[in-house]
Amino acid sequence: MTSKPDRVVLIGVAGDSGCGKSTFLRRLADLFGAEFMTVICLDDYHSLDRKQRKAAGVTALNPKANNFDLMYEQIKALKEGNSIDKPIYNHETGDIDPPERIDPNRIVVIEGLHPLYDERVRGLIDFSVYLDIHDDVKIAWKVQRDMAERGHGYEDVLASINARRPDFEAYVDIQKQYANVVIQILPTQLIPDDKDRKILRVRLLQREGIDGFNPVYLFDEGSTIDWIPCGRKLTCSYPGIRLHYGPDSYYGHDVSVLEVDGQFERLEELIYVENHLSNTATRYYGEMTELLLKHREYPGSKNGSGLFQVLVGLKMRATYERLTAQRPQVAAKA
Ligand SMILES: Nc1ncnc2c1ncn2[C@@H]1O[C@H](COP(=O)(O)OP(=O)(O)OP(=O)(O)O)[C@@H](O)[C@H]1O
Ligand SMILES: O=C(CO)[C@H](O)[C@H](O)COP(=O)(O)O
């Protein structure tokens, strides 16, 4: 970061560990430019190290193991344009390491288990997303990653998810009611009793009535629409693709829901879907498809999760531009 920004825009990305936050952040860096975006992992505000948590019998998800006062003070300071000395939680050793200096940046992203838990921190956030992964999908992803990369067995992965569940439900899951948008990742409804979890049903819940945020819609704003786009312009293989759009209620709030069940065969053809979406906050025709094509190797690129991560990123960019009113400063890199 070279000079102090006039306005720090604060973005919250909430979700359990292994829910796709890193993938989402990589997509955001494309939109903002890595140098203009500083990511703070909220694990750094664990107040108890691994040994202390074990001794106290609490998990890292429990507020008792986190310093929300310090989190609030430091995030507020960054938002006001001041540097902070942020603690570091070391995942390799389980210790809390000496702090590091963090300077404010144009975009500060706070990501982790609790960005929306503390009312004071929540009040500082300009735009937030909660990544909500169905348990069956979470297990499938974690098994795939932890068995392949970390040498864990299936039973260990399952046991660790089960052990976290009570605190996850009490302290993490409850935050989704506060998010501007929620990306839900669910088992497909296109294959009866699917056990593979390779084909996913992904829903984007977009809160209505937020200043400056206009939900993305399909064909006709406010209508309820079911669309099977497979045919001449979109190649589909088994079990096909189904899109849905319509109004709903979520934790007592009005939301617009956009849903994709199934997998895209040829990413280039997404331009056909983009053509029928409105309020995408793209700068030019085809930008959404282009952003997806740029990283076709990212997990989820071929299903609704990649598509909705890109759409949420575009909405975050629009929020940045609205709040700073300096549109040309953040340019999507070609
Ligand atoms: N959209 C997706 N579709 C399929 N698999 C996915 C998707 N997103 C994430 N995954 C799987 O989940 C794993 C974890 O993703 P990622 O590293 O982005 O999550 P994370 O929330 O940052 O995790 P952690 O907090 O543990 O670092 C990936 O390696 C991949 O296997
Ligand atoms: O949920 C987590 C991160 O999102 C971790 O479980 C938490 O931060 C504790 O880390 P570790 O297991 O390395 O001690």
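The legends below describe close-up views of a predicted model. Local features need pLDDT of at least 70 and side-chain atom pairs count only at pLDDT 80 or more, while totals for chains, interfaces and linings use all residues. Residues are numbered from 1 along each chain as its sequence is written, and chains are lettered from A and ligands numbered from 1 in the order in which they are written.

View 1. Strands are DSSP runs of E with at least two residues, numbered from the N terminus. Seven of the seven residues of strand 6 (residues 127–133) are buried, so the strand is largely enclosed by the rest of the structure; buried means that 20 or more other C-beta atoms, placed from the backbone, lie within 10 Å of the residue's own, whereas 12 or fewer make a residue exposed and counts in between partly exposed. On one side lie Phe127, Val129, Leu131 and Ile133, and on the other Ser128, Tyr130 and Asp132. Tyr130 stands opposite Ala14 and has Val182 as its bridge partner in strand 7.

**View 2. Two loop residues with positive phi.** Asp193, in the loop between strand 7 and strand 8 (200–207), has a phi of about 55° although it is not a glycine, and it counts as exposed, with 5 C-beta neighbours inside 10 Å. Tyr251, in the loop between strand 11 and strand 12 (253–262), has a phi near 50° and is partly exposed, with 13 other C-beta atoms within 10 Å.

**View 3. A cis peptide bond.** Tyr238 and Pro239 are joined by a cis peptide bond with omega of about 5°, and Pro239 is placed in the loop between strand 10 (225–227) and strand 11 (241–250).

Technical notes:
Helices (H or I, at least four residues) and strands (E, at least two) are DSSP runs, numbered from the N terminus. Two strands pair if DSSP finds at least two bridges between them.
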